[in-house]
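Please look over the model below before reading on.

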Amino acid sequence: MTNPSLPNMTSRPRIIIVGGVAGGASAAARARRLSEDAEIILIERGPDVSFANCGLPYHIGGEIPDRSQLAVQTPAGLRAILNIEVRTRTEATAIDPERKTLRIRQLDDDTEDTLSFDSLILAPGASPIRPPLPGIEDPRIMTLRNLQDMDRIKEAAARSRTIAIIGAGFIGLEMAEQLSAPGKMVHLIELQPQVLPQLDPEMARPLAIELRNRGIDLHLADGITSFSSGEDAVSACLASGTTVEASLIVLCIGVQPENSLAKAAGLALGARGHVVVDQWQQTSVPGIYAVGDACETADPILCKRSAIPLGGPANRQGRTAADHIFRGDKALPYPGSLGTAIVRVFDLAAGVVGWTGKRLEAEGVSFQSVVVNAPDHAAYYPGHSPVDLKLLWSPEDGRILGAQAVGRAGIDKRLDIIATALRGRLTIDDLCHLELAYAPPFGSAKDVVNFAGFAACNIRDGLLHPIPSLDDAFGQIIDVRPPFMVEKQPFPGIPNIPFSQLRKRLDELDREQPVFTICQMGKTSYQAARVLANRGFDARSILGGANHLLD
Ligand code: FAD
């Protein structure tokens with residue numbers, strides 16, 4: 001018997017969800033809120049459901065001392081609160097899309113069963129990459145995905161004096177921070193020439209400085225070629241010839257979608273193996289949905305496809321899938337993921353939203369960018385610290401394409417503002433007049449986000465001729481910082497004409513040649529370039545300033 005209020009559904013529809021953590025648990029909760037009648041079965045390979053994977057590094061480091069805090073929900077809790085059937089230690093092994101059945105295996109006794117479904121939601125996530133390198137099978141080389149991995153790493157870390165983290169992306173950085181402790185040596189090894197390769201190099205540079213200042217041994221632009229096992233330690237052999245010995249090695253080099261079920265069932269997969277879904281998270285087979293790290297969705301900025309393995313997208317996609325099952329086209333479609341991500345590295349935070357310069361260049365998309373720097377709150381109020389914000393936009397229509405930020409405070413706020421701007425398809429002009437909360441302890445009358453808009457509009461309108469780096473400058477370069485700053489961080493061979501003296505010393509400059517101005521953070525060099533331009537010089541301002549150029 002069909003229920004006319006539900007699209008193509010029996011009166012007691014059976015919804016099976018594979019994967020009981022971020023996307024799966026979210027789908028289950030939303031499904032229950034939309035129907036008290038539906039039979040909801042959650043299949044989870046591990047012993048836990050709905051745990052906080054994002055919190056795992058912080059229990060390892062001791063910042064979340066109580067392990068039970070990581071269990072957002074237990075199987076019993078889900079049963080009680082949502083009235084759903086939770087089958088842990090159970091693996092989904094095959095889907096028959098024609099018959100609408102799912103084959104499952106109970107891992108404790110190897111018994112198998114076949115369940116029929118009206119709708120199936122795949123939320124199997126992504127597994128950490130473990131490359132087939134010689135020696136990789138040593139049990140002291142670990143990965144972090146679930147509570148059991150966490151326990152193993154925590155235990156091993158407690159007895160290790162030397163630890164190597166491979167991969168300096170978001171999770172690698174969190175692990176490096178959390179595992180560094182007095183008396184421990186932490187090596188951080190990264191194939192790319194920068195930490196946090198998800199950011200443009202100049203925005204990640206302050207993180208490398210912070211890591212080194214905290215005693216982390218950074219090995220950049222160096223990849224692992226093999227491991228060899230010794231009695232007390234594993235040796236990680238790097239392409240440069242360096243060998244790093246450690247009694248614990250944690251691989252944080254990315255994830256790959258768990259796609260074996262989808263692949264065997266003939267669901268359409270994207271170029272990197274993610275399950276292709278539409279705006280309802282529905283796969284190429286109606287009635288079968290995929291959410292979270294295992295799927296790829298539309299990229300809302302450039303209308304391409306993208307796979308973003310993050311907690312926020314997984315949770316909201318789970319909600320979308322459940323919505324579509326019960327509400328059909330009345331459900332709110334998933335608009336695609338922006339990739340808003342942030343990490344704390346000791347006293348610094350850094351993050352990204354949307355597209356970076358590196359990715360835009362690789363895709364051949366034309367863009368412009370600027371880096372601005374301003375205090376997180378009023379500079380006259382105690383405790384302020386600088387925020388570096390890089391903004392990228394389309395030269396065709398001024399639409400924002402992405403942003404990155406780094407600093408000690410207020411980084412999350414600026415990324416979230418730009419994320420909202422991206423969702424609203426705002427332009428650089430819109431950023432100039434965003435009216436943001438201001439009282440001295442919280443912000444400034446002109447926020448760094450406004451400044452990014454001002455600088456971008458100045459570039460578009462020809463009022464600022466930006467030069468990406470000192471390497472792009474030639475001939476006549478002047479350092480317009482006050483002498484005390486020059487003394488601290490001199491640029492050898494570059495004459496100093498402090499901004500306060502510039503108007504009186506114009507005759508020291510050759511009007512026939514362009515003048516490149518540089519300062520500490522980019523702002524004074526812009527102001528100096530405006531003075532020069534107004535006096536008839538061809539003036540160009542070097543972006544970012546000394547902060548971005550000197551390690
Ligand atoms: P998961 O949450 O991984 O859940 C998938 C579940 O499916 C797993 O429990 C798995 O056992 C189960 N499963 C797989 N195949 C089967 C099968 N065949 N049968 C039964 N069960 C199966 N994201 C952020 O946004 N911010 C962060 O700070 C952040 N930090 C992170 C830190 C760590 C250490 C990790 C590992 C991830 C972090 N993430 C973070 C990423 C975020 O956790 C994931 O993007 C999110 O959990 C993905 O959700 P999911 O539902 O797709 O997969």
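Phe516 counts as buried, its relative accessibility being 0%; here buried means under 20% relative accessible area, exposed over 50%, and partly exposed in between, with a 1.4 Å probe and protein chains only. This is a predicted model, in which local features need pLDDT of at least 70, side-chain atom pairs count only at pLDDT 80 or more, and totals for chains, interfaces and linings use all residues. Residues are numbered from 1 along each chain as its sequence is written, and side-chain values use heavy atoms, with hydrogens and water left out.

Which ring pairs with that of Phe516? The rings of Phe516 and Phe474 have centres 4.9 Å apart and planes at 65°, so the pair is edge-to-face. Rings of Phe, Tyr and Trp (its six-membered ring) are paired if their centres lie within 6.5 Å; planes under 30 degrees apart count as stacked, over 60 as edge-to-face, and the rest as tilted. The pair links distant parts of the chain, 42 residues apart: Phe516 is in strand E29 (residues 515-518), and Phe474 is in the loop between strand E27 (466-467) and strand E28 (476-479). Helices (H or I, at least four residues) and strands (E, at least two) are DSSP runs numbered from the N terminus. Phe474 is partly exposed, at 47% relative accessibility.

The count comes to two aromatic pairs by this rule. In the pair of Phe451 and Phe454, the ring centres are 5.8 Å apart and the planes are at 90°, so this pair is edge-to-face as well. Phe451 and Phe454 are three residues apart in helix H12 (residues 448-460), and so are separated by about one helical turn. Phe451 is partly exposed, with a relative accessible area of 21%, and Phe454 is partly exposed at 26%.

Helix H12 also holds Val448, which is buried at 0% relative accessibility. Not counting residues up to four places away in sequence, Val448 touches Val372, Asn373, Ala374, Val387, Leu389 and Arg414, where contact means heavy atoms within 4.5 Å. The C-alpha atoms of Val448 and Phe346 are separated by 23 Å, and the two residues are 102 apart along the chain.

Next come the cores. A nonpolar core is a set of buried Ala, Val, Leu, Ile, Met, Phe, Trp, Tyr and Cys residues joined through side-chain atoms within 4.5 Å. The largest has 44 residues, of which Ile165 and Leu173 touch the most other members. A second, separate core of 38 residues includes Val372, Ile418, Ala421 and Ile428. Leaving aside neighbours within four places in sequence, the contacts of Leu173 include Ala168, Leu188, Val195 and Val343.

Two packed helices are described by the angle between their axes and the distance between the axes. The axes of helix H1 (residues 22-34) and helix H8 (residues 311-327) come within 7 Å and cross at roughly 35°; axes are lines fitted to C-alpha atoms, for helices over the stretch in contact, and angles run from 0 to 180 degrees between N-to-C directions. Among the residues making the contact are Ala27 and Leu34 of H1 and Gly318 and Phe326 of H8.

Ala233 lies in the loop between strand E13 (224-229) and strand E14 (234-238), and is buried with a relative accessible area of 15%. Apart from neighbours within four places in sequence, Ala233 is in contact with Arg140, Ser228, Glu245, Ala246 and Ser247.
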